[in-house]
Amino acid sequence: MSAINPQLRRRARERAVQFLFGLDFTQYGWESTIETFWVGNPVKPGAKAYAERLIRGVMEHRIALDEAIDAALNRWTPDRVGRVERNVLRVALYEMWHEPDVPTNVAINEAIEVTKVYGEEETARFINGVLDRLREIEPRASAT
C-alpha cells in the first residue's frame, strides 16, 4: 500500500472502529454493508482504502485477535470490555501484528487517541495497559 499521511490513517482507524462497532450490533456481513456505511460517513479515498483494509483484516483474524485480547485482560472479564474499546483493541492489535509499516508504538498511540475521541480518560489508560501487555506477550514476528 502506498503511504498515506498520518491524519488520513487516524481518520481511517476511527472509521474502522465506528464500522466494526456498528457491525457488533447488527451482525450483518461486513462486505454487504460497507458501501452503505460510506454513504453516511464519507472520507477521502486514501482513508477509505486503509479503513477497509483494517476492517477486512480484523474480520479475517477476529477470533485470534479476540483470544489474545481476552488473555491480556488484567482483572477484567471479557464481557466487561465495551464494544468501542473491544474494536479499538482489535484494530490496534491487527495493525501491531499484520501491518509491518505501522510501528507498534504508533498503533498503541493511535488507539489511545481514537479512544480519547470516543471514550473517557480512564478508558485510554485501559487500552494502553492491554496493548502494552499484548506487545510483551505476542511479538509481531511470531504472529504472521
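In the chain, 74% of the contacts with a separation of 6 or more are between residues 24 or more positions apart, where contact means heavy atoms within 4.5 Å. This is a predicted model, in which local features need pLDDT of at least 70 and side-chain atom pairs count only at pLDDT 80 or more, while totals for chains, interfaces and linings use all residues. Residues are numbered from 1 along each chain as its sequence is written, and side-chain values use heavy atoms, with hydrogens and water left out.

The chain has seven helices and zero strands; helices (H or I, at least four residues) and strands (E, at least two) are DSSP runs, numbered from the N terminus. Of its 144 residues, 45% count as buried, that is, under 20% relative accessible area with a 1.4 Å probe and protein chains only; exposed means over 50%, and partly exposed in between.

There are four aromatic pairs. Rings of Phe, Tyr and Trp (its six-membered ring) pair if their centres lie within 6.5 Å; planes under 30 degrees apart count as stacked, over 60 as edge-to-face and the rest as tilted. Two of the pairs are listed below.

| Pair | Centre to centre | Angle between planes |
|---|---|---|
| F19 and F37 | 5.2 Å | 70° |
| F21 and F25 | 5.0 Å | 70° |

F19 lies in helix α1 (residues 6-26) and F37 in helix α2 (residues 30-40), so their pair ties together parts 18 residues apart in sequence. F19 is buried at 4% relative accessible area, and F37 is buried at 13%. By contrast, F21 is partly exposed at 30%. Ring pairs also link F19, F37 and W38 into a cluster.
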